[in-house]
Amino acid sequence: MRKYLNYIKGIFMLLLVVFLFAFSSLRNNARTPASINIHFNGENPLFIAASNVDKMLIQNQEYIECVTKDVLDLKDLESSISSHEMIETAEVYLTVDGGLKIDIEQRKPLARVASDPSFYIDRQGQPMPLSDAYSARVLLVHGNVTNSNIEIIYQMLMAIENDPFLKLYATDLIIDAQNQISMRTRDCSFEILIGDLNRLDQKIINFKAFYQKAKKDSLLKDYKQVNLKFNQQVVGIK
């Protein structure tokens, strides 16, 4: 008999726990977020203000702070925020204290295209509009920039981004109607003719060797053009 009583007590305790859990969940789901915290990853200046993100926190035509948790659609919020032209990704989740946390990754520009209108090229190789909140100090791209050659420009930008020397010194890229690329650096007055992207790694190696030798000999100011188009050599024009 005692054995059956223990079974009954165990079932009763289990049902009580399930009931309390369900009751607690229902009460919790009926609550609205206790707080909203918008966090931008990294230390880069903001291309979009937190107040602009706050204006996007609308669901079912209601501000998110007035929407109960059982109605809250976190994936929909993430999609809405990520669609902003200055935002790369957004992660939205509920914290243990009942608040709503939004982690935002901004788009990062690699270069600014000097055109009308001007725009950035971001680290994904996509056009990115300028921001009213902040102007990034990045390399400038001039010349014949089109939808068809932006991939070529992006490949050159990534080569510069991944090379510590060029990332420090390169200031301008120029692309002509034949998709031939030239480059300028901050401490040289001459133009560096790169041409197409064939053998680009070797061209960069050749240029750095030429630069170091010319700098050592105090000849950098003597050149008006440096041509990297030729195989296995650098042609400097004084």
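**Contacts, strands, cores and spaces**

Among contacts between residues at least 6 apart in sequence, 49% join residues of the protein chain that are at least 24 apart. The model is a predicted one. Its protein chain holds 6 helices and 14 strands, and of its 238 residues, 35% are buried.

The description may begin with an open sheet of 3 strands, arranged in the order 1-5-4 with mixed pairing. Strand 1 (36-40) and strand 4 (87-94) are the edge strands, each pairing on one side only. On average, neighbouring strands of this sheet are turned by 15° against each other, direction ignored. Strand 5, residues 100-106, pairs with strand 1 in the parallel sense over 5 bridges; within this pairing, Asp103 of strand 5 is the residue opposite His39. Helix 3 (residues 74-82) lies across strand 4 and strand 5, and its direction is at about 155° to that of strand 4.

Strand 9 (residues 139-143) and strand 10 (residues 170-175) run parallel and are joined by 4 bridges, with Val141 having Leu173 of strand 10 as its bridge partner. Strand 10 is also joined to strand 11 (residues 181-185), here by 5 bridges and in the antiparallel sense. In this second pairing, Leu173 stands opposite Met183 of strand 11.

Leu173 and Met183 lead directly to the packing of side chains. In soluble globular proteins, nonpolar side chains tend to be buried together. The largest nonpolar core has 35 residues, and those touching the most other members are Leu173, Met183 and Phe190. At least two residues each come from strand 6 (109-113), strand 9, helix 4 (150-161), helix 5 (164-169), strand 10, strand 11, strand 12 (191-195) and helix 6 (200-216). Helix 4 gives the most to this core, with 7 residues.

Leaving aside neighbours within four places in sequence, the contacts of Phe190 include Met183, Phe207, Phe210, Leu220, Tyr223 and Val226. Arg184, Lys224 and Gln225 are also among the residues in contact with Phe190. A second, separate core consists of 21 residues, including Phe47, Met56, Ile87 and Tyr120.

Where is space left in the structure, and which residues line it? The search of the whole structure finds 1 cavity of 30 Å³ or more, and the largest cavity holds about 50 Å³ of space. Its lining is made up of Met156, Leu166, Met183, Ile192, Ile194, Leu200, Lys203, Ile204, Phe207 and Leu228. Strand 12 and helix 6 are the elements that give two or more residues to this lining, and helix 6 gives the most, with 4 residues. Met183, one of the lining residues of the cavity, is also one of the residues that touch the most other members of the largest core.

The largest pocket contains about 300 Å³ of space. Among the residues lining this pocket are Lys108, Pro109, Leu110, Arg123, Arg137, Leu157, Ile160, Glu161 and Lys167. Strand 6 and helix 4 each supply at least two residues of the pocket lining, and helix 4 gives the most, with 3 residues.

Conventions. Residues are numbered from 1 along each chain as its sequence is written. This is a predicted model: local features need pLDDT of at least 70, side-chain atom pairs count only at pLDDT 80 or more; totals for chains, interfaces and linings use all residues. Side-chain values use heavy atoms; hydrogens and water are left out. Two strands pair if DSSP finds at least two bridges between them. Axes are lines fitted to C-alpha atoms, for helices over the stretch in contact, and angles run from 0 to 180 degrees between N-to-C directions. Contact means heavy atoms within 4.5 Å. A nonpolar core is a set of buried Ala, Val, Leu, Ile, Met, Phe, Trp, Tyr and Cys residues joined through side-chain atoms within 4.5 Å. Buried means under 20% relative accessible area, exposed over 50%, partly exposed in between (1.4 Å probe, protein chains only). On a 1 Å grid over the protein atoms alone, a cavity is a set of points where a 1.4 Å probe fits but cannot get out, and a pocket is an open set with protein on both sides within 12 Å along at least five of seven lines; lining residues have an atom within 4 Å of a point. Grid points are joined across faces, edges and corners, and a volume is the space filled by probe spheres set on the points.
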